[in-house]
Amino acid sequence: MPYAQMKLARVPYRVRSASGCVLELEDGTRLIDGLSSWWAVVHGYDHPEILRAAHEQVDRLPHVMLGGLSHEPAQRLAEKLAAITPGDLRHTFFADSGSVAVEVALKIATQYHRNLGHPQRHKMVALRLGYHGDTTGAMAVSDPEDSMHHLFAPILMRHHFAPSPRGGFDAEPEVVQKDLEALERLIREHESELAGMICEPILQAAGGFNMYSPSYLRGARRLCDAYGLLLIFDEIATGLGRTGRMFAADHAGVVPDVMTLGKALTAGYTGHAAVVTRPGVFDAFYSDNPEHALMHGPTFMGNPTACAVALAGLEVFEREGYLDRIAQIEEQLQERLLPLTGPAIASTRVLGATGVVEVFDPEAIKGLQAYAAARGVWLRPFGTYAYTMPPYVITDEQLSMVLDVFEGWFG
């Protein structure tokens, strides 16, 4: 089981089926999914249009390699991502998971500079409290000390880490300025070897649910431009509505050079991810020199079924006005979570369809998962964080049941 000491882990709940936002266990127990199955299942579990798109594509062409071959769903999805992502993000490279998408983004940044004649620029600036995945390159740009990855430090490439932005989404300008001054000092010190900067925009998810100011992203964009770094936004968790905008980058009006997408892209119906770049990045690889080609090729990249699922999900997202629904979810989370207080609670915070209660001591939320399950809700707190990131199709009544658990536990 993931992130679990098997000798100590409790027997997992066995899911028999799922419908909408409800998981049905083998014993008939029904649990409202307050986590969207690790933040992915934004449309619920049995959306008829998405299932139909998957079934039709499986019948027609379930998979074909993208090396030397192509197909309509991959082309259409690339065109759709070019249309909906910020600014002039235009060129898509498909991957088969979020972690792999991050690996691709890091390789793009490194090879971009090599192709331009600067092979010494091969390291990254990343943020403390960041989390980018569990593969080797992704671990190397995640927080090197306070994450689950510190055990693997001996095999990871050493990058450079700036302090995590402070002050929250509405941070005072002077707080943001000090954070940006620290970032610039780090970039200036290591400029000659830096290829880019990677961050989770606005919301650092699995590293501690830190929410920070859009002004920081605007400053980071200026610094990357000034020092010649590619700016990578890891929107695996934040993209497609989670922070209340289509992309977290939209809060700041910033266009990164590279953006990674996953999770909600295929909404749990299949694994897939995408890396979208600006034309200037693509142009560095477009050459008569074969060695300038992007040297990566996941087996399942551009999987036709995954592309068909993503296209169906994006159509539903836009037609059903999900951003309006996410605003309603945010309002309900703010009303119920932000007032929570008590000696165990360090802070509460809400952004978009994400609500977090941080405690001082992990012991304060030990047993919360079982408490929630007994009340018909699925939650999985970790460390010092009790949180909910529900599906966008959750009803007011279902979300109220989720929030009843928080109030009951901390009240």
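This is a predicted model: local features need pLDDT of at least 70, side-chain atom pairs count only at pLDDT 80 or more; totals for chains, interfaces and linings use all residues.
Residues are numbered from 1 along each chain as its sequence is written, and side-chain values use heavy atoms, with hydrogens and water left out.

His190 belongs to helix H6, residues 173-190 (helices, H or I with at least four residues, and strands, E with at least two, are DSSP runs numbered from the N terminus). Its side chain makes a polar contact of 3.5 Å with the side chain of His160. A polar contact here is a pair of N or O atoms within 3.5 Å; within protein, one must be able to donate a hydrogen and the other to accept it, and residues adjacent in sequence count only if both atoms are side-chain atoms.

Asn210 sits in strand E9, residues 210-211, and is buried too, at 14% relative accessibility. The side chain of Asn210 gets to the backbone oxygen of Pro165 at 3.0 Å. Leaving aside residues up to four places away in sequence, Asn210 touches a set of residues including Leu129, Ser164 and Ile202 (contact means heavy atoms within 4.5 Å).

What about the cysteines? The disulfide count comes to zero, a disulfide being a pair of cysteine sulfur atoms within 2.5 Å. For Cys199, the nearest cysteine sulfur is that of Cys224, 8.1 Å away, and that is too far for a bond. Cys199 is buried at 1% relative accessibility, and Cys224 is buried at 1% as well.

On to the overall layout: the protein splits into domain 1 (15-33 + 322-410) and domain 2 (51-319), with bounds from an automatic or database domain assignment. Their C-alpha centres are 27 Å apart, and the contact takes 16 residues from domain 1 and 17 residues from domain 2. About 1,500 Å² is buried between the two domains, with carbon and sulfur atoms giving 69% of that; buried area is the accessible area (1.4 Å probe) that two parts lose on being put together, summed over both. Across this interface there are seven residue pairs in polar contact, both at pLDDT 80 or more. Helix H11 (322-337) is one of the elements that supply at least two residues of the domain 1 side touching domain 2.

Conventions: Buried means under 20% relative accessible area, exposed over 50%, partly exposed in between (1.4 Å probe, protein chains only).
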